[in-house]
Amino acid sequence: MEYQNPQVPEGINVSKQHPLKEFAWMLATVGAITLAVVLLLSLLAGWLVKFVPFSVEQQLASQVIQQLPPSASGPNHLQVETYLQQLADKLVANAPLPEGMTITVHYVDDSTVNAAATLGGHVLMYRGLLEKLPNENALAMVMAHEIAHVRHRDPMMSLGRGVVVTTALAALSGFSDTQLSGWVVGFSGNLTLLKFSRDQEHAADENGLLAVHATYGHTGGSEQLFEVLAQAHGDREAWATFLATHPLGDERIAALVEQAQRNGWQQSGPLTPLPEFVRQL
């Protein structure tokens with residue numbers, strides 16, 4: 001066999017495209033694949049966490065619950081918090097939660113116009129919101145809404161998705177193992193910053209209105225919650241804080257009206273006044 005050494009044609013390994021253009025395409029492709037993988041893992045994590053026992057969620061919450069304000073910093077604080085807990089218990093009695101799931105209400109003496117549900121069945125109710133509500137029925141709508149988030153395991157789903165996305169972004173950013181661990185732990189610790197999707201908010205509205213109707217025999221007062229928040233629009237800080245976790249809109253209020261009409265529920269009835277110690281906050 002005779003050895004041959006043919007001459008390689010000129011330009012056989014040379015791209016016809018500009019190197020920077022090829023690099024941009026490669027970068028875009030890698031970015032798109034990475035984004036798709038992160039989104040897929042995020043959705044998968046959100047779906048899987050629904051199968052995590054609630055007792056495990058409570059144990060997880062207990063490790064970071066220390067960041068919440070003290071439960072009873074004074075007599076008035078304890079009185080308000082006890083009333084809020086009793087209201088939550090009444091709503092749960094009329095719209096039972098799955099076995100083993102419990103609600104613990106924390107009154108937060110802060111001007112923030114907000115309420116939040118977080119891991120382990122913990123619900124935070126801020127003084128700023130209580131000060132603006134006209135009656136117990138509007139308060140019950142907020143409370144039932146947050147309880148519905150717990151029922152649907154929304155905080156756990158949000159945490160699962162958030163940890164996946166945060167971990168992926170941190171890893172891609174080249175953070176060290178120590179920095180990455182700190183970032184993930186920090187995200188997990190921000191219990192009150194868990195975000196829910198618009199669909200989760202609408203589902204919580206529906207379940208909340210059901211609990212309000214089951215408790216009071218009508219849905220009157222529920223819409224006043226949103227009217228109060230609309231009036232607070234002038235207070236940019238308060239409005240922005242609530243919007244951060246509870247997207248609002250006329251269609252959301254209309255959805256509640258439609259739900260009541262569809263089920264033949266009374267949309268008006270006697271409104272229960274707030275206790276004097278709450279009205280004087």
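**Surface and overall build**

I looked up the accessible surface of the protein in this predicted model, and it comes to about 15500 Å². Carbon and sulfur atoms hold 59% of that surface. I then checked burial: of the 281 residues, 42% count as buried. I noted twelve helices and three strands. I also looked at contacts with a separation of 6 or more, and residues 24 or more positions apart account for 73% of them.

**The cores**

I went on to the nonpolar residues inside. In general, nonpolar side chains of soluble globular proteins tend to be buried together. The largest nonpolar core here has 43 residues. Which members touch the most others? I found Leu 84, Ile 103, Met 125, Leu 139 and Met 143. Helix α5, residues 136-151, gives the most to this core, with nine residues.

Leaving out residues up to four places away in sequence, Leu 139 touches Tyr 83, Leu 84, Leu 87, Met 125, Leu 130, Leu 133 and Leu 274. A second core is separate and has six residues, including Val 49, Ala 61, Met 156 and Met 157.

**The aromatic pair**

I searched for aromatic pairs, and the count comes to one. Tyr 83 and Phe 277 make up this pair, with ring centres 6.0 Å apart and 85 degrees between the planes. The pair is edge-to-face because its angle is over 60 degrees. Where do the partners sit in the chain? Tyr 83 is in helix α3 (residues 75-94) and Phe 277 is in helix α12 (residues 276-279). They are 194 residues apart, so I noted this pair as a link between distant parts of the chain.

Are the two partners buried or partly exposed? Tyr 83 counts as buried because its relative accessibility is 9%, under the 20% limit. Phe 277 is at 22%, so it counts as partly exposed.

I followed up on Trp 47, which lies in helix α1 (residues 19-48).

Trp 47 and Met 157 are 110 residues apart in sequence, yet their C-alpha atoms are 7.1 Å apart in space. Met 157 is one of the residues I had noted in the second core.

Notes:
Residues numbered from 1 in each chain as written. Predicted model: local features only at pLDDT ≥ 70, side-chain atom pairs only at ≥ 80, totals over all residues. Heavy atoms only, no water. Core = buried A, V, L, I, M, F, W, Y, C linked by side-chain atoms within 4.5 Å. Buried < 20%, exposed > 50% of the residue type's maximum accessible area, 1.4 Å probe, protein only. Helix = DSSP H or I, 4+ residues; strand = E, 2+ residues; numbered from the N terminus. Contact = heavy atoms within 4.5 Å. Areas by Shrake-Rupley, 256 points an atom, 1.4 Å probe, with all protein chains shown as cover. Phe/Tyr/Trp six-rings, centres within 6.5 Å; stacked < 30°, edge-to-face > 60°.
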